[in-house]
Amino acid sequence: MKKRRPAEAKSKPRARKSRPRARRSIGARYRGSPLPIGEQYPLPESELAARARAIESLLAEKGLVSSDMIDQVINAYEHDIGPMLGAKVVARAWIDPAFKRRLLENATAACAELGIGGMQGEHMICVENTPQVHNVVCCTLCSCYPWPVLGLPPTWYKHPQYRARLVADPRALLRDDFGLAIPDDVEVRVWDSSSEIRYWVLPQRPADTEHLSERQLAALVSRDSMIGVDRTRGAQARPGGSR
Ligand SMILES: [Co+2]
């Protein structure tokens, strides 16, 4: 618990020089998710693919990985591990107050109760959204992310712009890039994940969902709401989010 350090960015960003700032919105056009990365930070997909291939063949050549192993990992993260697991945990927490307490106390242990856990999730902390507090997660250093509950991070999560701007002015980033306006009377807390501690968000349960089953509730929980760049909005939520 001692390690929790919310960073509320209260001060406005310093006045910029008169040169108009290019509008570089991460997701405005997509409202709530992905990054038009190719458009604004051109790094051709082919270049990334070539780099990945080069690294893969080097690792294989040195006998550090086999292509079977890589296929298995890809397969696991494409089919078995992803935000649907985090959504399952959230839905359980919504219906079971004792489980929710355990989740907020020790997310790794609580997830293990549901058979969820594994690499990059050895020390997870789940932070709760309330009517007074909105939490949002990043990794300012690189892209640390709770894989067992959310799968692999979306492209924009790894982007320097997201990482830098979220800590500098979280309200502006959420508003401009994700279309998420946080009311002034709601505190915004930014959590900086690291390779040691990985944060994720327990979103608020949407209103009028008392009649839903645990499974139906889980279907309302989006990946983005567990990162904190979106709210869970009842039927409007897109399970799993998009890339
Ligand atoms: Co990182």
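Two residues are in contact if their C-beta atoms, placed from the backbone, lie within 7 Å. By that rule, Val136 touches Leu166, Pro170, Leu174, Val188, Val190, Ile227, Gly228 and Val229, leaving out residues up to four places away in sequence. The model is predicted.

**Nonpolar core**
- The largest nonpolar core has 47 residues.
- Val90, Cys126, Val136, Val137 and Trp200 touch the most other members of this core.
- Helix H4 gives the core its largest share, seven residues.
- In soluble globular proteins, nonpolar side chains tend to be buried together.

**Strands S1 and S4**
- Strand S1 spans residues 124-128.
- Four of the five residues in S1 are buried, so the strand is mostly covered.
- S1 runs parallel to strand S4, residues 198-202.
- Five bridges join S1 and S4.
- Across this pair, Val127 stands opposite Val201 in S4.

**Ala93 in helix H4**
- Ala93 sits in H4, which covers residues 83-95.
- Ala93 counts as buried because it has 24 C-beta neighbours inside 10 Å, and the cut-off for buried is 20 or more.
- Beyond its neighbours within four places in sequence, Ala93 is in contact with Phe99, Lys100, Leu103 and Leu202.
- Leu104 is eleven residues from Ala93 along the chain, and their C-alpha atoms are separated by 9.4 Å.

**Positive phi in two loops**
- Most residues other than glycine have a negative phi.
- Gln120 is not a glycine, yet its phi is positive, at about 70°.
- Gln120 lies in the loop between helix H6 (107-113) and S1.
- Gln120 is partly exposed because 18 other C-beta atoms lie within 10 Å, which falls between the cut-offs of 12 or fewer for exposed and 20 or more for buried.
- Asp208 also is a residue other than glycine with a positive phi, near 60°.
- The place of Asp208 is the loop between S4 and helix H10 (214-218).
- Asp208 is exposed because it has 9 other C-beta atoms within 10 Å, and 12 or fewer counts as exposed.

Note on methods
Residues numbered from 1 in each chain as written. Predicted model: local features only at pLDDT ≥ 70, side-chain atom pairs only at ≥ 80, totals over all residues. Pairing = 2+ DSSP bridges. Core = buried A, V, L, I, M, F, W, Y, C linked by C-beta atoms within 7 Å.
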